[in-house]
Amino acid sequence: MGERGKAQNAVRSGSRRLLHPVGEDTSGLKAAQKFSLLIVDDDVDLALNLQDIFLTEGYDVAAAFRAQAALALCGKRAFNLALVDIELPDMSGLRLVERTEESCPKTECIVITGHVALDSAIAAVGHRRIISYETKPLDLARLTSLVRQVKERQQAEEALRQTETRLGVVLGQIPCILWATDAGLNTTSLAGVGADFVDKHLKLGGRRRASAAPPRDGKASPLLAAHRSALSGSAQSCELKWRGKDLYCHVEPLRDAAGVVAGVVGIATDISEQKRREAELQALSRRLAEVQERERGQLARDLHDEFAQTLTALKMSLDRAAVGVEGNTGKVLRDSSALVGELMAWVREFSLDLRPTMLDDLGLAEALLWYAGRFSTKTGVRVSLKYSGLPRNLPSEVGTAAYRIVQEALTNVARHAHAEEAIVRLWADEVSMTIQIEDRGTGFDAALLSIDKSIGISGMRERALGLGGTFRLDAAPGRGARISVELPLPNHPEVGRHRRKH
Ligand SMILES: Nc1ncnc2c1ncn2[C@@H]1O[C@H](COP(=O)(O)OP(=O)(O)O)[C@@H](O)[C@H]1O
Ligand SMILES: [Mg+2]
């Protein structure tokens with residue numbers, strides 16, 4: 001057979017028959033992605049038969065009858081799979097597999113062997129690229145099924161690789177770090193900008209994890225604590241600084257199909273910008289509060305110094321003018337003097353409300369005692385004021401904030417709570433001062449407050465946050481309300497402290 005004669009010397013490649021199923025896309029692109037198969041066997045009949053069979057299966061098939069010809073083919077293109085006869089005239093099949101290691105490192109091989117070489121074929125399956133062996137005479141149904149399985153597996157692996165690459169590209173673009181760990185907290189995958197965060201900063205990955213458990217400063221890393229919490233089943237979040245950035249980290253338990261926690265997944269997002277804005281807002285509200293206090297103080301002084309003094313002078317003039325004047329004119333003068341007297345009292349009250357001088361002169365405790373007494377007289381609500389450990393030289397902005405918060409909270413009790421008593425507690429230690437205002441009145445649902453209808457409450461919160469403190473509101477309908485504020489104190493040892501109960 002002429003055709004066979006030529007083939008004996010060389011190789012046969014490509015489509016001997018075109019048996020593509022109807023509708024199959026035979027465009028270059030698709031053809032390039034076709035599963036490619038190399039058949040190397042010196043039994044030309046067998047090789048050509050196999051080529052026919054696999055061509056009808058829709059594969060891209062090349063056949064070579066000698067090792068050298070196969071080597072030449074492998075030098076030109078890559079194959080997905082090679083069926084290699086273990087005994088070739090010019091080289092052993094195993095040697096051929098080794099020689100194509102460089103040119104076709106990804107080509108998987110199935111060796112074809114007769115009984116004589118069965119042992120070496122079995123041994124060869126240990127080779128990295130040799131996945132199986134088949135004995136002659138070949139069971140064609142088995143072989144085609146095996147090749148189909150290899151094709152499907154390789155395609156699935158390729159699809160997975162592509163998905164992972166695409167996912168990697170997407171994750172590489174988004175400004176967050178994602179990671180997963182196993183139950184031993186060894187990282188199993190990492191993605192995103194700065195993915196070395198988990199491994200390098202927290203040293204969670206690999207064997208170095210243990211060294212990070214208690215970081216050098218002795219404090220447990222909040223991220224490690226969040227990981228441990230997630231491992232015990234509950235998600236946890238934390239914020240931390242990394243390379244000058246503020247990160248918000250959230251760690252969730254990762255469960256297997258049976259629902260058992262098999263590791264954790266974590267996400268860290270950069271919240272530096274948000275933090276910066278928050279800090280700016282706090283600084284702004286602190287400045288606003290300062291300006292407001294300064295202006296109130298100025299207005300209180302002006303009222304007292306200018307207005308009240310002019311009224312005093314007016315009253316004195318009226319009193320003088322009224323001396324010895326009888327009848328209607330005298331009555332008008334005395335009534336006017338009395339009215340000016342009332343106006344003077346009102347101006348004094350008003351200027352005290354604006355800025356009680358004792359806050360500057362006598363300090364927070366005295367100012368609050370005075371205010372509580374005055375408040376009870378005016379509203380009928382008893383005030384129990386307890387304080388302890390208040391430093392004498394309280395920074396003025398802290399004293400003012402505390403005073404204003406108590407003032408606003410007590411006003412709310414009088415206006416909304418329908419309570420007979422309000423309890424005010426203040427205490428301080430070296431680092432902070434805590435203020436609590438509590439009533440057992442009607443209470444309310446804090447979740448229903450709208451921002452525009454809670455200027456008083458927002459103002460208290462802003463004052464607290466503006467000084468770097470915290471604000472907490474506990475209230476429920478029918479169960480009263482409690483406001484708790486903690487204000488940080490500048491760190492200096494305090495000498496004298498007030499201790500007094502009221
Ligand atoms: N101690 C309180 N007891 C009951 N309701 C309160 C109390 N404090 C605040 N509230 C409720 O919260 C709302 C918002 O309070 P606030 O921000 O001080 O605004 P305002 O006092 O001007 O209404 C009040 O209108 C009231 O309904
Ligand atoms: Mg109010």
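Okay, let's start with a definition: a helix axis here is a line fitted to the C-alpha atoms over the stretch in contact, and angles run from 0 to 180 degrees between N-to-C directions. Keep that in your head, and remember that what you're looking at is a predicted model.

So, two helices to begin with. The axes of α11, residues 272–322, and α16 come within 8 Å and cross at roughly 110°. What does that make α11 relative to α16? Angles of 65 to 115 degrees count as roughly perpendicular, and therefore α11 is roughly perpendicular to α16. On the α11 side the contact uses Gln282, Ser285, Arg286 and Ala289, and on the α16 side Glu462, Arg463, Leu465 and Gly466. Sort the residues of that contact by type and you get two nonpolar, three polar and three charged.

Now for another pair. Helix α14, residues 364–379, packs with α15 at an angle of about 15°, and their axes are 11 Å apart. Angles under 35 degrees count as roughly parallel, so α14 and α15 are roughly parallel to each other. The crossing of α14 past α15 is right-handed. From α14, the contact takes in Leu364, Ala367, Leu368, Tyr371, Phe375 and Thr379; from α15 come Gly399, Ala402, Tyr403, Val406, Gln407, Leu410 and Ala414. This contact has ten nonpolar residues, three polar and no charged. Have a look at the numbering in those lists, and here's a handy rule: an α-helix has 3.6 residues a turn, so residues three or four places apart point the same way.

Let's stay with α15 for a moment. How many residues does α15 have? The helix has 22, and from first C-alpha to last α15 reaches 30 Å, close to the 32 Å expected at 1.5 Å a residue.

On to the ligand. Around ligand 1 there are 16 residues, and the ones that come nearest are Asn412, His416, Ala417, Ser454 and Gly456. Which helix gives the largest share of that shell? That's α15, with five residues. Both α15 (396–417) and α16 (455–466) supply at least two residues each. By type, the shell has seven nonpolar, seven polar and two charged residues.

Last stop, two spots in the backbone. Between Lys136 and Pro137 the peptide bond is cis, with omega near -5°. You'll find Pro137 in the loop between β6 (130–135) and α7 (140–173). Then there's Leu185, which isn't a glycine but has a positive phi, near 60°. Leu185 sits in the loop between β7 (176–182) and β8 (187–192).

Technical notes: Residues numbered from 1 in each chain as written. Chains lettered and ligands numbered in written order. Predicted model: local features only at pLDDT ≥ 70, side-chain atom pairs only at ≥ 80, totals over all residues. Near = placed C-beta within 6 Å. Helix = DSSP H or I, 4+ residues; strand = E, 2+ residues; numbered from the N terminus. Nonpolar A, V, L, I, M, F, W, Y, C, P; charged D, E, K, R; others polar. Parallel < 35°, antiparallel > 145°, perpendicular 65-115°, else oblique. Left-handed = near helix turned anticlockwise from the far one by under 90°. Contact = placed C-beta atoms within 7 Å. Expected span 1.5 Å × (residues − 1).
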